[in-house]
Amino acid sequence: MPDCLLALESSCDETAAAICTLEGELIASRIASQIEIHRPYGGVVPEVASRNHILHVRPLVQQVLADAGKTLGDMSAFAATSGPGLVSSLLIGTSMAKALAIAENKPFIAVNHMEGHLLSPFMNGQGPVRACVALIVSGGHTMLVRVHGVGRYELLGRTRDDAAGEAFDKVAKMMGLPYPGGPEIDKLATRGDPKAFAFPRSFLDGRSLEFSFSGLKTAVLYELPRGDLKSEQVLTDLSASVQAAIIEVLVEKLVLAAKQCGETLVTVSGGVSCNRGLRSALTARCSKEGLQLLLARPDLCTDNAGMIAFAAAQRFSIGHTSPLEADVDPNLSLVS
């Protein structure tokens, strides 16, 4: 009897494939990274990303099947990220998943990339998915979501301009750090003084659940000419101060949202949740506030197909499938 589900992720510059059981247990996951390919450009080049997805997707499917000791016939369904993301990239994963679904006469499931992030903290035995307040913080998105159940989400607040990850990367680029900049700032921040520079914390008025990081980016831009970026101390202090400003806003907003909603469980996911300073601050603050904190495992924070497979399994378990003619949507919303 088919007992597994295969999912593909190709929303941006990572090609990924994964297999999980219908209960959501991840049994195989592979990622083909394109970071080194895009590094010389200082960011993702869509045409280059899509060409490399084409090269990687078939070998990845073969690899995860071998890793899991499964065949295509063992799959109950095939899933892929349908948005948000780069259209040229999304089309590769969805086209492959649809082709496999047709070939095997199995259902296809279109998955929202943000739902993959949203539910990822419940993987690895942390499930079932249950009511909580969730913070999704990545390169392209920063949002607070109230989870009532699978597929039942309420948007509480989002960024009005730059996402937290975008702010990290843009500031790092201004500082002359390599791409991707977020992890570089995280490393430098451990040796710097977070109080060296007084950078702004937007919307910290104790009421708003909205985010804004463009002011921080501007403040750093004005500060840079005053310092010597060849000095390691200046770089580490700048990194620590920038990181402290972003972390304080994220932590305070999450705690505020939990209090406003009366929830005691909070979850955090997305690429920025790999940040060591953020994870430490969240752990300490949630413990102080009596909140239960679920953090997505670091290898499931950045783009991966494991979280897409898990989200698809949750959807499939409640009878959800998608029509083969369903198109990708680069601006797909998590909350309708």
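So, aspartate 162 is buried, at 7% relative accessible area; buried here means under 20%, exposed means over 50%, and partly exposed is in between, with a 1.4 Å probe and protein chains only. This is a predicted model, where local features need pLDDT of at least 70, side-chain atom pairs count only at pLDDT 80 or more, and totals for chains, interfaces and linings use all residues. Residues are numbered from 1 along each chain as its sequence is written, and side-chain values use heavy atoms, with hydrogens and water left out.

Okay, who does aspartate 162 pair with? Lysine 170, through a salt bridge at 3.5 Å, N to O. By salt bridge I mean a side-chain nitrogen of Lys or Arg within 4 Å of a carboxyl oxygen of Asp or Glu. Lysine 170 is partly exposed, at 32%.

Lysine 170 also has a salt bridge to glutamate 166, at 2.8 Å. Those two sit four residues apart in helix 5, residues 164–174, so about one helical turn separates them. Helices are DSSP runs of H or I, at least four residues, strands are runs of E, at least two, and both are numbered from the N terminus. Glutamate 166 is partly exposed, with 25%. Through shared partners, salt bridges join Asp162, Glu166, Lys170 and Lys217 into one network.

Now, the whole structure has 18 salt bridges. Another one to look at is lysine 70 with aspartate 3, closest N and O atoms 3.5 Å apart. Lysine 70 is in the loop between helix 2 (46–68) and strand 4 (75–83), and aspartate 3 is in the segment before strand 1 (4–9), so this pair ties together parts 67 residues apart in sequence. Both partners are partly exposed: lysine 70 at 23%, aspartate 3 at 33%.
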